[in-house]
Amino acid sequence: MEWFERTKPYEADLIADLNQIVKIPSILDPNTQSDRTPFGVDMARALAKMEELAARDGFRYGRVDNMVTWIEYGPADAAETVAILTHIDIVPAGEGWLRDPFKPEILDGLYFGRGAADMKADLMSAYYAMKYLADHEITLTRKIRLIIGTDEENGWRDLPRYFEVEGEPTMGFSPDGAFPVVNGEKAFQTVQLRFANQTTGDYVLRRFIAGSRPNVVPGEARARVSVPNPAQVQNEFATYLAQYPFLSGQSEVRDQEVRLLLKGVQAHGAYPQDGENAGTYLANFLRRFAFNADAKTFLDFIGRVVHDDIGAENLGLRYHDDVMGDLTLNVGVMRFSQNGQGTILLNFRYPHGVNVQAVTTQVQRHLGDFAATVEVWPGGMEPHLVPETDELVGTLSLVYAKQTGMYMNPRTSNGGSYARLLKRGVAFGGQFPDVPVTSHQANESTPVANLTRSMAIFAESLLKLAK
C-alpha cells in the first residue's frame, strides 16, 4: 500500500486537532508575559493543547522553561535523536481577511486560518506522522522528538534554551520551509535606523505608520499630514493609486489635516517580491510634496532609496552567490511621529560572501542627509548549509522523489527555519512547489489534500531516519 493511502484515513482527525490549535491566537503578547507565560498566555495555551494531544495518544512529553514543548516516540534510552523542529507561534493576523483568521474554515479544498501555512498545519502533519508510527507500533533504533517552539516569529529565544537543557539532536528537519529538501538557508539580519522627527513649515508629516514585523512586507500604511491645500493632496493621491492597479486606498480631511490609507500586498519578508510594500509606496507618493527637515529625509529614504529595490542595489549591496542566490531586502517597519523618535527596520537575507558589517556599512554610506543612527538588531543568523552528501539530505530527497514521482535537487531558501540551529539540520516541507505561498499573508491557506500528503512524506522519512 502506498504511503498516501495509509495516511489518508487520518485526515478527519488531523483536521479536528488542527482546528483546536488554529483557534488559539498564539501571538507574542507582552501584556501577559510572566515566568509561567514567557511569550504570553495564548502561547502557553497552545503548548498545553499540544501536550493534551500527546497525553491522549500515549506519547512521552515535557516542557523546557515554559518556552518549548517536546513530544517523543521511540526508545527513551536511544543514543541518537531525530528531531522535527517546529513552532506554534504566528504573526499577527493583519488586515484584509475575508474571514475570521482564528475560526478555521475549509472552502474549495483550501484550509483557511492564520498559521495554516506557517506553520500549524505542518506541525500537525508532523505530529500525525509520529502518531502513525506509534499506532502501528513500529520499532525504531533512534528516538524521534517533535520539538515545538514559541518564539520563531520574533527573537528565537526558545530553541537555543532547549538545546542548553536537553542537548543537540543528532540530526533533524524542520517542516517550516518547502519541498524538496532545503539544505541551505541564507543569513538573516535586521538593521534598525533611529532618528529624530522634526518637521515644520507648510507641509507637516504628523504621523506615518507601516508594518508590524521586520519579516513581513507591510500590507497597509497610514499617514497624517497638514498641508496648505488638502484637496490637491487628495486628488493627486487618487491619481497615484490609479497608476498602480495592485494598490488601493482612501483619504479624508479633518481640520486641514489629510489622513491617508494605502493598501498594498502583505507577504513574507523572506520573499519581498511576493508583496507590494504599502509603506514605501506611501512614502514614494508623499515625497513629491515640500516637506522639510527630518520628514523630508525620512520620506526620501524609504520612498526613493529603498523603495521597490528588493536587491538593495541602491544601498550598494547587490550580491549573487552561485550556490545560495541573491541578497534581498525587506523594509518591514516604518514609524514617524512629529517631534518624537522614528524607526525603520530593514530585514536582509544574504548568502555566503556577505556579512553584517558590510550591510551596516553600506546602509550608513547611503543615508545621505538622513541623520539616523544604524544599529544591528540582536538575533541575526549567519548562512547555513548542510552538504548534499549528508545521509539526512540524501534520505529525505529520495523519499520525496519516491512519493511524488519527481526528483528535485536540494536548494537554498531565503527563509529562516529552526533547522539552521542544528549542524545537521535542513528544512523539509510543507510547502509544495505547485502551491502559492500564503505565509504571513491575509487569507492564509493550505490545500486540505496536502495535510495527509505531507504526513505521508514525513512518516516514511522518519521511519528511514530512525529505523
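Student: In what kind of crossing does α3 pass α4, left-handed or right-handed?

Tutor: This is a predicted model, in which local features need pLDDT of at least 70, side-chain atom pairs count only at pLDDT 80 or more, and totals for chains, interfaces and linings use all residues. Residues are numbered from 1 along each chain as its sequence is written, and side-chain values use heavy atoms, leaving out hydrogens and water. A crossing is left-handed if the near helix is turned anticlockwise from the far one by less than a right angle, and right-handed if clockwise. For α3 passing α4, the crossing is right-handed.

Student: Is α3 roughly parallel or roughly antiparallel to α4?

Tutor: Let's start with the axes, which are lines fitted to C-alpha atoms, for helices over the stretch in contact, with angles from 0 to 180 degrees between N-to-C directions. The axes of α3 and α4 are 12 Å apart, and the helices pack at an angle of about 20°. Angles under 35 degrees count as roughly parallel, over 145 as roughly antiparallel, 65 to 115 as roughly perpendicular and the rest as oblique. That makes α3, relative to α4, roughly parallel.

Student: How many charged residues are in the contact of α3 with α4?

Tutor: Contact means heavy atoms within 4.5 Å, and here M50, L53, A54 and R56 of α3 meet L123, M124, Y127 and Y128 of α4. Ala, Val, Leu, Ile, Met, Phe, Trp, Tyr, Cys and Pro count as nonpolar, Asp, Glu, Lys and Arg as charged, and the others, Gly among them, as polar. In the contact of α3 with α4, 7 are nonpolar, none polar, and the number charged is 1.

Student: What length does α3 reach from its first C-alpha to its last?

Tutor: Helices (H or I, at least four residues) and strands (E, at least two) are DSSP runs, numbered from the N terminus. The expected span is 1.5 Å times one less than the number of residues. With 16 residues, α3 (41–56) is expected to span 22 Å, and its actual reach is close to that, at 23 Å.

Student: Which elements are included in what covers the buried residues of α3?

Tutor: Buried means under 20% relative accessible area, exposed over 50% and partly exposed in between (1.4 Å probe, protein chains only). The buried residues of α3 include M43, L47, M50 and L53. Their cover includes α2, β1, β2, α4 and β6.

Student: How does α2 lie to α4, at what roughly given angle?

Tutor: α2 passes α4 in a right-handed crossing. The axes of α2 and α4 come within 10 Å, and the angle at which they cross is roughly 135°.

Student: What does that make α2 in relation to α4?

Tutor: The axes of α2 and α4 cross at roughly 135°. That makes α2, in relation to α4, oblique.

Student: Is T438 buried or exposed?

Tutor: T438 is in the loop between β25 and β26. Leaving aside neighbours within four places in sequence, T438 contacts A117, E444 and S445. At 13% relative accessibility, T438 counts as buried.

Student: What is the separation of the C-alpha atoms of R424 and V393?

Tutor: R424 sits in the loop between β23 and β24, and at 25% relative accessibility it counts as partly exposed. Beyond residues up to four places away in sequence, R424 touches several residues, including T170, D390 and E391. R424 and V393 are 31 residues apart along the chain, yet their C-alpha separation is 9.0 Å.
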